[in-house]
Amino acid sequence: MVSRRRFIAGTGSLLGALAVPGTAVAAGRLTAGARLTAGTRLPVLVIGTGYGGSVAALRLAQAGVPVHMVEMGMEWKTPGPDGKVFANTTRPDHRSFWLRTRTKQPLGNFLGFPLDKDVPRYTGILDAEEFGGITVYQGRGVGGGSLVNGGMAVTPRRENFAAILPSVNADEMYAVHYPRANAGLGVHPVDPAWWESAACYQYARVGRKHAQRSGFPFVFVPNVYDWEYMKREAAGTAPRSALEGEVLYGNNHGKKTLRTTYLARAEATGRVTVSPLHKVTSVAPAGGGYTVVIDELDTTGATQATKTVTADKVFFAAGSVGTSKLLTRLRATGALPGLNGEIGEGWGDNGNVMCGRANHMWDATGKLQASMPTAGIDNWAAGGAFAEVAPLPTGIETYASFYLSITANPHRARFSCDPATGQVELNWQTAWKQPSIDMAKTIFDRINTREGTIYRTDLFGSSRIWGDHLTYHPLGGAVLNRATDNYGRLHGHPGLYVIDGALIPGNTSVNPFVTITALAERNIEEIIATDL
Ligand code: FAE
């Protein structure tokens, strides 16, 4: 139940997660499971363990190159006080948010009740990072966004690709790199026969009926969730995860995160090590390589130690926001003076906007809703919107249809840094969401007219219809072929690379992680062949 409150956070459990596994090793002799030691010289350091970083680590390791990965979030392996590693979406606790004392849930209200609550400050899994005009949600931990996302693994329509990444050869992407990424991520379509009768996808079937009755193309989209596992959840023969509403704060079962795909394979090479709770704060040239300064954090976010290492090559894979913030600051403060004026530019929100519709009583969406979306309404060509038919897994019948729309919003923001304070700002304006709302309305106004229904006004506070305050899909800030060359090599500093969502100029027309992964596959292949 949404209204249910459970508060579980013992000091013992908080302290229990402080330890970082592994043993320290001497400089230059990093092996699997080894912990990062100050003064180490590394062939390759990867900042961040999301999609881009994981692809880089695996492919470099397979090519024989030792890689050390640094991740500011935790390694999510230790069970919490309820015996589970991850908290439930309807019962956020200390594990749920990155260094907050109060939750900031994407849907902050329900049936007129505010949902947010106080939690102990902790290095939790979901970061709701606030800038002036937008809150950017991001995963924190070994596996990055794969830990918290909905697993929707969507390859953009081929005809849209030239607008997404104009300097990239589309033939090669669709013949080689998208298939490679989908295979590496474990992407599969849902079994349509099972989907048609599964109680947990009643909400999606209602979404389909409404879309099709208004003449919109309804498309199935694959996911990285293990569908056989979900069938067992539905049959009552396996512990529930997607059917227990788990997603935003991690899935205890069923989801193939990077931790079980790319990163597991990378670690299995014996050439990749990962340091969780380590945050990179600086990168600067040092005699043929780069000096990297890293803060080791405890679970309150406090710095326990500051380590300086040297790396021959550094891959920025801290996510669109993480990479952009670091590079913008390093350029403004003069630490990396060779970076060009494109750093920090071209940031977009993938046109994200949310809304709910209030259905009639005969269109129940089901009290059991699988948290993994399987479908979308594709009005991209006609109206600039692709709407994911999203779950609202509250545990009660809501009679609501809920959607996350990805729209062709034209606005792009810029990161800038005050060199005196080192503070990085993003100049996104709240009003810039209006084109996204207009594009989403091309779908939902028509459906509401056809169905005789209205928008929900109880989900985002103070009678608001649109969830226009956030994005789940930050993209850009170090755009391919502008801030970098056409393969992610940063201009001005040989041996520095960007390999994550920062390369993509603001929009992918669909959910982004397959494109981020495929682009990383393309770029690392070229970098290994040419630079190593
Ligand atoms: P990302 O996965 O964010 O990884 C960056 C990593 O770097 C993170 O683990 C950071 O903690 C770490 N980091 C940052 N700064 C530092 C630093 N200074 N030092 C050390 N480490 C650092 O980047 N996309 C889809 O395609 N389908 C979906 O269904 C979907 N659902 C989503 C739902 C939610 C709630 C959210 C938040 C996102 C969703 N996304 C979805 C977006 C997707 O997860 C996101 O585009 C990718 O994770 C971005 O991949 P990157 O490799 O760019």
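Tutor: Contact here means heavy atoms within 4.5 Å. This is a predicted model, in which local features need pLDDT of at least 70 and side-chain atom pairs count only at pLDDT 80 or more, while totals for chains, interfaces and linings use all residues. Residues are numbered from 1 along each chain as its sequence is written, and side-chain values use heavy atoms, with hydrogens and water left out.

Student: How many residues of domain 1 are in contact with domain 2?

Tutor: Domain bounds come from an automatic or database domain assignment. Domain 1 comprises 4-76 + 258-347 + 475-531, and domain 2 comprises 109-162 + 186-252 + 349-471. On the side of domain 2, 55 residues take part, and in domain 1 the number is 49.

Student: What area do domain 1 and domain 2 bury between them?

Tutor: Buried area is the accessible area (1.4 Å probe) that two parts lose on being put together, summed over both. Of this area, 61% lies on carbon and sulfur atoms, and the total is about 4,200 Å².

Student: Which three residues supply 19% of the area that domain 1 buries against domain 2?

Tutor: The three supply more than any other three residues of domain 1. They are W76, W347 and N511.

Student: Which residue forms a salt bridge with E345?

Tutor: A salt bridge is a side-chain nitrogen of Lys or Arg within 4 Å of a carboxyl oxygen of Asp or Glu. The count between domain 1 and domain 2 is 2 salt bridges. For E345, the closest N and O atoms are 2.8 Å apart, and the partner is R414.
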